[in-house]
Amino acid sequence: MQSRILVIVGSIRPNRICPIVAEWVTSVGRAILPAEFEIVDLRDWPLPMDGEPSIPATGDYRTDLTKAWSEKIATGDAFVFVSPQYNWGYPAVLKNALDHLYREWAGKPAMIVTYGGHGGNKCATQLHQVLTGLKMKPLETMPGFTLSRSFIEANTGALDPAAEFAEGRATLEQAFGELGSN
């Protein structure tokens with residue numbers, strides 16, 4: 001049976017490039033791994049902050065949205081988290097989506113792909129720590145792509161990741177190789 005990889009779009013800002021980056025990352029993954037890929041955009045999952053009365057580890061979900069989120073995440077055999085670096089961290093919406101669940105993440109491999117003015121290494125480090133706390137198996141290779149200050153300040157929402165991130169593609173391919181061996 002083919003494994004199912006969910007690619008999580010970790011930003012919901014207006015003019016975001018995260019969906020474009022996630023599409024490109026997914027296209028690279030499809031060329032390397034014989035897996036089913038699905039992009040999951042957090043904009044489509046408006047999970048409220050602390051919207052459940054019980055802790056996620058119990059699996060006692062009360063809201064329909066959390067139940068649906070649980071069902072969606074449970075379908076993934078592995079995950080690719082695509083996230084911008086915001087102020088040396090990752091977006092609150094991604095943390096909230098992670099914190100809504102527990103068992104659904106546990107034991108599954110996770111790849112972290114970041115981008116930003118400094119490539120996203122601090123974002124990746126924090127996300128790696130949280131995924132480890134969720135008992136996931138984050139990969140050691142964490143591709144990070146650097147954007148120029150002028151690109152970030154222009155904030156047009158347009159990007160050609162294949163051209164902009166060409167120098168880092170080998171690292172992305174290496175990470176997909178690791179994901180495939182987990």
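Me: Where is the place of Trp88?

Reply: Trp88 sits in the loop between β3 and α3, where strands (E, at least two residues) and helices (H or I, at least four) are DSSP runs numbered from the N terminus. This is a predicted model, in which local features need pLDDT of at least 70, side-chain atom pairs count only at pLDDT 80 or more, and totals for chains, interfaces and linings use all residues. Residues are numbered from 1 along each chain as its sequence is written, and side-chain values use heavy atoms, with hydrogens and water left out.

Me: Why is Asn87 called exposed?

Reply: The relative accessible area of Asn87 is 80%, and exposed means over 50%, buried under 20% and partly exposed in between, with a 1.4 Å probe and protein chains only; Asn87 is therefore exposed.

Me: How do you know that the radius of gyration agrees with a compact globule?

Reply: The rule, taken over C-alpha atoms, is 2.2 Å times the number of residues to the power 0.38. For 182 residues a compact globule would have a radius near 16 Å, and the chain has 16 Å, so the two agree. Of these 182 residues, 48% count as buried.
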